Amino acid sequence: MKIALAGYKKEARLSQGVTHDEDAELISFLLNKGLNVVPTIWNDPETDWKSFEVVIIKSPWDYHNHLGEFLNWLEHLEELGVKVLNPVEIIRWNSDKHYLKSIAEKGLPVIPAEYLKKGSVFNDRFFDHFGAEKLVVKPCVSAGAQNTITVNRNDYNESSADIEQLLQEQDYMVQPFVDEIKNGEWSFLFFNGKYSHCSLKTPKQGDFRVQHYHGGSISYPVPDPLHIGQAGAYLKSLPQPVLYARVDGVLINNSFHLMELELIEPYLFLNGEDELQENYYQALMTLMS
């Protein structure tokens with residue numbers, strides 16, 4: 001069986017601060033397990049996708065800048081009858097942050113959000129709506145905190161023009177700024193619904209972005225089993241099993257609240273560890289059988 005591990009045309013800025021080439025290490029591990037795994041670039045026109053039985057959507061880190069092309073590619077894989085992991089239906093749903101609304105409607109704890117259509121007007125009503133002095137405004141299709149900004153009530157007028165400009169480009173979402181992010185964002189990793197490991201990403205002093213290329217730091221604490229169970233609850237609402245899921249959120253009053261459910265291209269923090277890569281391999285074998 002020929003398997004494609006689909007990534008992107010690498011950009012140094014996205015790998016800055018990452019000490020492991022996760023894709024290369026994972027491919028090496030899977031090859032040693034006897035699998036025929038080939039590294040590919042999702043939008044490489046030279047790739048013959050019909051030559052693969054399985055395509056793993058591993059790290060298309062630039063998909064959000066080419067969403068239409070990305071979704072067309074997924075549709076093409078479906079037409080070819082190629083098995084895609086994670087499933088195409090799940091990826092389509094997860095590609096737009098309106099998915100958070102559907103999760104919240106199931107009664108699961110999610111950081112609240114309101115949505116603004118492209119071309120609409122941003123105003124200061126959101127401060128009162130959320131009872132917050134600070135807001136986070138981010139694109140509905142984005143990754144890596146791209147075009148994500150914070151707005152304070154006392155400097156709203158200074159920021160509103162910038163937000164209006166951004167709203168000319170695409171839909172946006174507005175959320176209250178959650179102070180707990182200063183304590184770090186937890187990432188719980190699950191493979192085929194089974195908990196594997198976690199990381200804690202902490203922003204640098206004076207920032208709110210936890211990504212390593214924005215200066216955030218990463219640690220690997222032992223999580224409370226309560227929080228593992230709370231994070232796993234989000235996966236139970238999905239219509240299909242997923243090879244991988246990274247459940248990102250913060251602890252508010254010792255309860256996990258979702259910020260993002262990463263089902264398309266999350267860094268998995270495998271760190272070349274055999275045990276963690278084995279967890280991935282076992283999930284893959286189950287879903288390919």
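Which residues in helix 2 and helix 9 meet? Glu-25, Leu-26, Phe-29 and Leu-30 in helix 2 meet Asp-274, Gln-277, Glu-278, Tyr-280, Tyr-281 and Leu-284 in helix 9; contact here is heavy atoms within 4.5 Å. Helices (H or I, at least four residues) and strands (E, at least two) are DSSP runs, numbered from the N terminus.

This is a predicted model, where local features need pLDDT of at least 70, side-chain atom pairs count only at pLDDT 80 or more, and totals for chains, interfaces and linings use all residues. Residues are numbered from 1 along each chain as its sequence is written, and side-chain values use heavy atoms, with hydrogens and water left out.

**Helix 9 and its two faces**
- Helix 9 covers residues 274-288.
- Its buried residues (under 20% relative accessible area, 1.4 Å probe, protein chains only) are Leu-276, Gln-277, Tyr-280, Tyr-281, Ala-283, Leu-284, Leu-287 and Met-288.
- They span an arc of only 165° around the axis, so they sit on the same side of helix 9; the arc is taken from the directions from the helix axis to the C-beta atoms.
- Asp-274 and Glu-275 are exposed (over 50%) on the face turned away from the buried side of helix 9.
- Cover for the buried residues of helix 9 includes helix 2 (22-32), strand 1 (2-7) and strand 10 (194-202).

**Asp-248**
- Asp-248 belongs to strand 12 (residues 244-252).
- With 2% relative accessibility, Asp-248 counts as buried.
- Leaving aside neighbours within four places in sequence, the contacts of Asp-248 include Trp-186, Lys-201, His-257 and Glu-260.

Terms used: The expected span of a helix is 1.5 Å times one less than its number of residues.
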